[in-house]
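Look at the structure first.

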Amino acid sequence: MQRLGSKLDPCSWCQAFVAASSIPTASLRTVGFYAGMLLETTVSKQALHKRVRRKGAAFLESLLAAALRRRCSDSCEKFSCLGFKRILLQDATSMNLPLRMRNTYKGPGNAYGKSSSLKVQALFDLLGGVFASLKVGAYVDTDMAAAKRTLALVDSGDLLCWDLGYFNI
């Protein structure tokens, strides 16, 4: 078996993650399979786990921020003349996980039992083109709880945009 070493470049790493994300039950083993196909070598889930930690997460965050900056560049130019220091957009998305992860990432319960889901809370600064906050947690962490944490990050002169899930009426 050929050892991975430093052959996993950022481009291949990202391509493997994107390819694996199309599979509902994707795991690091799945990502390793795609990375191995791209690089024509064996890529273990352990090797990927080492790379997914802080540097990998920071890399994915910077890729997502760059994609959002590119997508929103016309809007940024239009909104920059409004006089706000920052325009903060907050939203969340969730993803089902394997049931074995339910102790770490509690999902919604129903008549059939408990599930495992994670929730990503993103707070994006539209004018700055960066994430003010990006948190991964359990599905049961509500938007209202995230809203309370977000209020500590808002300064005078900021415009904060939420959907109705963040309001308590």
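Phe79 is partly exposed, at 35% relative accessible area (buried is under 20%, exposed over 50%, partly exposed in between; 1.4 Å probe, protein chains only). The model is predicted: local features need pLDDT of at least 70, side-chain atom pairs count only at pLDDT 80 or more, and totals for chains, interfaces and linings use all residues. Residues are numbered from 1 along each chain as its sequence is written, and side-chain values use heavy atoms, without hydrogens and water.

**Nonpolar patch**
- Phe79 sits in helix 4 (residues 54-79); helices are DSSP runs of H or I with at least four residues, strands are E runs of at least two, numbered from the N terminus.
- Together with Leu82 and Phe84, Phe79 forms a nonpolar surface patch of about 260 Å² accessible area (residues over 30% relative accessible area, no salt bridge, nonpolar side chains joined within 5 Å; Shrake-Rupley areas, 1.4 Å probe).

**Salt bridges**
- The whole structure holds four salt bridges (a Lys or Arg side-chain nitrogen within 4 Å of an Asp or Glu carboxyl oxygen).
- Arg86 pairs with Asp158, with the closest N and O atoms 2.7 Å apart.
- This pair spans 72 residues, from strand 1 (residues 86-96) to strand 4 (residues 158-161).
- Both Arg86 and Asp158 are buried.
- Asp143 meets Lys119 at 3.5 Å, N to O.
- Asp143 is in helix 5 (residues 143-151) and Lys119 in strand 2 (residues 117-125), so the bridge ties parts 24 residues apart in sequence.
- Asp143 is buried at 17%, and Lys119 is buried at 13%.
- Asp141 bridges to Arg149 at 3.0 Å between the closest N and O atoms.
- Shared partners join Arg86, Asp155 and Asp158 into one network.

Definitions and conventions:
Patch = residues over 30% accessible without salt bridge, like charges linked within 9 Å, V, L, I, M, F, W, Y side chains within 5 Å.
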